[in-house]
Amino acid sequence: MRAVIQRVKGAKVKVENETINEIDKGFLVLLGVEEDDTDKDLEYICNKTIGLRIFEDENKNMNLSLADVGGEILAISQFTLYGDARKGRRPSFIKAARPEKANPLYEKFLEKCNNKGIKTYGGVFGAHMEIELINDGPVTIILDSSKIL
């Protein structure tokens, strides 16, 4: 499972020009599910995301988490995070999980983050979405559950 996390001052997701969800301060999370991902991968990505200390404290050090700043998560399913463009010019998405596997894990991510006390909102799985954000920093972190040491 992969997550691209952007620290934002605000973000929103639109489908067919209608705002579906929006957040103020927090994380925009682009979440990709790989064909071999399990609940273990999900737990890792969820815990890492919530525990990231990438908000500045009073000394301007990145030392505060979402919970510390009252931040929220807007999580968007993003199968293209598993695009492999090493050969040719058209990416292959063969490692991305099929929707029948990816959607339940994406929904579980939303649920787990909410259950851990972080207000978490999503987009519409499989829909063409427009994402607007105000990146704060910019700060962008990439998590990959296959890279666990």
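I started with Glu132, which is partly exposed at a relative accessible area of 35% (buried means under 20%, exposed over 50%, partly exposed in between, with a 1.4 Å probe and protein chains only). This is a predicted model, where local features need pLDDT of at least 70, side-chain atom pairs count only at pLDDT 80 or more, and totals for chains, interfaces and linings use all residues. Residues are numbered from 1 along each chain as its sequence is written, and side-chain values use heavy atoms, leaving out hydrogens and water.

Next I looked up the partner of Glu132. Lys12 forms a salt bridge with Glu132, with the closest N and O atoms 4.0 Å apart (a side-chain nitrogen of Lys or Arg within 4 Å of a carboxyl oxygen of Asp or Glu). I found Lys12 in strand β1 and Glu132 in strand β8, 120 residues apart (strands are DSSP runs of E, at least two residues; helices are runs of H or I, at least four, numbered from the N terminus). Lys12 is partly exposed too, at 22%.

Then I turned to another pair: Lys116 and Glu43 meet in a salt bridge at 3.4 Å, N to O. Lys116 lies in the loop between α3 and β7 and Glu43 in helix α1, so this pair ties together parts 73 residues apart in sequence.

I also noted Arg98 and Glu100, whose side chains meet at 3.9 Å in a salt bridge. Both Arg98 and Glu100 are exposed.

How many salt bridges are there by this rule? I counted 10.

Last, I checked the whole fold: the protein has 3 helices and 8 strands, and 41% of its 149 residues count as buried.
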